[in-house]
Amino acid sequence: MTSLKELVSKRLRSRVTYSPLDVYVDEVFRHKGIINLATGSPSTSLMPLKELSDAVREVVDSCSNEAFTYPPPLGIKELRHELKTFAKELGVNVEGYDLIIGAGALHIIDLIGKVLLDENDCVIVEEPTYIEAIMPLKFYTNYIDTLPLDEGSNYSKLNLKNIDRVCSNAKVFYTIPTSQNPTGVTYDEHTRNDIIRHMKDRNIVMVEDDTYRSIFRTNYEPIINKCVKYGIRCIYLSSLSKILTPSLRLAYALIPKELTEFFAEASFLNLPLSTLAMYVVLIMIKKGVLFKRISHLSKIFESRLKALKDSLTEYLSDRALWNDDAYGMYLLIRIPGVDTEKLFWRSLKEGVGFVPGHVFFLKREVRDTLRLSIAFEDEERIVEGVKRISKALKDLT
Ligand SMILES: Cc1ncc(COP(=O)(O)O)c(C=O)c1O
């Protein structure tokens with residue numbers, strides 16, 4: 001008899017692995033009391049726990065049948081409407097699009113794979129990129145191509161030299177143009193216009209992941225606004241994980257109306273939304289919690305980012321390079337000549353954890369970068385963390 005393991009589908013075995021990013025994040029969490037510059041999950045001190053608890057109580061006390069039944073596949077109508085208004089207030093062009101709710105951004109990306117991708121369809125992504133977003137897409141196609149962020153610019157400039165070759169037969173371009181994960185880069189107007197110029201008149205769907213815009217405000221318009229202007233197909237994606245809590249699993253996307261029925265069919269396959277979570281979020285939005293959180297979090301992260309950059313200047317400027325204009329929850333640091341995987345293990349001994357940068361690269365073998373996150377620790381611990389990384393670096397080299 002064949003072993004049970006051999007009965008696992010070839011598709012799963014060949015295309016799916018446990019998240020390479022989470023391997024390191026989990027390792028850091030295993031060390032109690034460690035300074036955690038690895039995770040992108042905000043600490044509970046940043047979550048609106050009181051408002052959450054009030055909203056849960058309100059839904060439960062209401063005993064409403066609607067809140068305790070199965071979810072509609074694309075989310076409850078009232079919340080879809082509220083989120084559309086929320087997106088509009090962030091400057092997103094919502095006209096002509098349907099808003100759908102997903103059980104987290106990764107669920108929406110999985111739906112995009114289900115709806116748009118056949119076996120040999122090509123997907124383009126930036127490199128480095130948020131690798132966990134690519135994993136659901138890899139389940140549907142083997143064919144992922146990359147547009148590099150240049151090492152010479154400390155990964156702050158998207159290299160569009162090969163875009164015509166790469167895009168010639170691509171169906172989907174997944175991009176994080178604002179406060180990118182893992183680099184923190186926000187594309188300037190010139191880069192945004194260049195992307196648009198190359199996307200025009202192609203059978204390609206842009207997928208703009210704009211998860212960080214609400215917290216890290218920018219004057220650059222979302223790409224979707226330009227897509228509307230130039231007739232480019234676009235799906236706009238955002239998540240409430242960083243504003244409320246990742247545990248609610250709540251994200252949303254604006255999709256072209258012609259695709260709505262297909263997304264509904266795809267989401268019906270496993271119906272992963274939580275009706276209860278949606279009603280809880282609806283109450284919080286109606287009470288104005290979302291906007292209050294955003295301005296609160298913007299100030300906190302601004303101050304943490306300053307602490308991170310200042311401490312890098314103080315403790316690591318003789319060895320490390322980074323993009324000082326980065327404005328987001330993460331910063332990608334390059335330490336030429338240093339294997340950051342080794343530095344990771346050495347740093348754990350000093351009581352600090354980060355993510356070695358190689359996990360964010362799909363094609364290039366890059367061993368000398370690391371991602372620092374400001375999601376979890378306050379200013380004092382961020383500074384102490386950087387100091388400890390510099391000590392680990394001295395011990396290692
Ligand atoms: C760019 C980006 N998109 C999406 C997500 C995850 O969103 P969700 O928690 O809704 O799956 C993250 C999380 O770090 C992210 O960095």
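A residue is buried if 20 or more other C-beta atoms lie within 10 Å of its own, exposed if 12 or fewer, and partly exposed in between. The model discussed here is predicted.

Q: Why is R249 called partly exposed?
A: R249 has 19 C-beta neighbours inside 10 Å. Buried needs 20 or more and exposed needs 12 or fewer, so R249 counts as partly exposed. R249 is found in the loop between β7 (233-239) and β8 (251-256).

Q: What makes the phi of R249 worth a remark?
A: Phi of R249 is near 50°, which is a positive value, and the residue is not glycine.

Q: How do you know whether S179 is buried or exposed?
A: Within 10 Å of S179 there are 23 other C-beta atoms. The cut-off for buried is 20 or more, so S179 is buried. This residue, too, has a positive phi, near 50°, without being glycine. S179 belongs to the loop between β5 and α8.

Q: Why does Q180 count as buried?
A: Q180 has 28 C-beta neighbours inside 10 Å. With the cut-off at 20 or more, Q180 therefore counts as buried. Q180 lies in the loop between β5 and α8.

Q: Which residues is Q180 in contact with, leaving aside its neighbours within four places in sequence?
A: They are V185 and G328. Contact requires C-beta atoms within 7 Å. For D395, the figure is a C-alpha separation of 31 Å from Q180, and the two are 215 residues apart along the chain.

Q: Is N270 buried or exposed, and what makes it so?
A: N270 has 11 other C-beta atoms within 10 Å. Exposed means 12 or fewer, so N270 is exposed. N270 sits in the loop between α10 (260-268) and α11 (275-286). The C-alpha atoms of N270 and P73 are 8.8 Å apart in space, although 197 residues separate the two in sequence.

Q: What makes strand β5 (residues 170-175) largely enclosed?
A: Of its 6 residues, 5 are buried, so β5 is largely enclosed by the rest of the structure.

Q: How do you know that β5 pairs with β6?
A: Two strands pair if there are at least two bridges between them. β5 and strand β6 (residues 205-209) have 4 bridges, in the parallel sense. In one of these, T175 has E208 in β6 as its partner. Between the two strands the chain passes through helix α8 (residues 189-199), and this β-α-β crossover is right-handed.

Q: In which sense do β3 and β5 pair, and over how many bridges?
A: Strand β3 (residues 122-127) and β5 pair in the parallel sense over 4 bridges. C122 stands opposite A170 in β5.

Q: What makes strand β2 (residues 97-102) largely enclosed, and which strand does β2 pair with?
A: 5 of the 6 residues of β2 are buried, so β2 is largely enclosed by the rest of the structure. β2 pairs with β8 in the antiparallel sense over 6 bridges. I100 has A253 as its bridge partner in β8.

Q: In the open sheet of 3 strands, why are β9 and β11 said to stand at the edges?
A: The order is β9-β12-β11, with antiparallel pairing. β9 (330-334) and β11 each have a single partner strand, so one side of each is left without a neighbour in the sheet. β9 is joined to strand β12 (residues 369-373) by 5 bridges, and one of the bridge pairs is R334 with T369 in β12.

Q: How do you know that the buried residues of helix α2 (residues 20-30) share a side?
A: The buried residues are L21, Y24, V25 and V28. They cover an arc of only 95° around the axis, which puts them on the same side of α2. These residues pack against β1 (35-36), α6 (131-140), α13 (340-350), β10 (352-353) and β11 (355-356).

Q: What omega goes with the cis peptide bond that joins E127 and P128?
A: Omega is about 5°. P128 is in the loop between β3 and α6. Another cis peptide bond joins N181 and P182, with omega about 20°.

Notes:
Residues are numbered from 1 along each chain as its sequence is written. This is a predicted model: local features need pLDDT of at least 70, side-chain atom pairs count only at pLDDT 80 or more; totals for chains, interfaces and linings use all residues. The arc is that of the directions from the helix axis to the C-beta atoms. Two residues are in contact if their C-beta atoms, placed from the backbone, lie within 7 Å. A crossover is right-handed if, with the strands pointing away from the viewer, the path from the first strand over the helix to the second runs clockwise.
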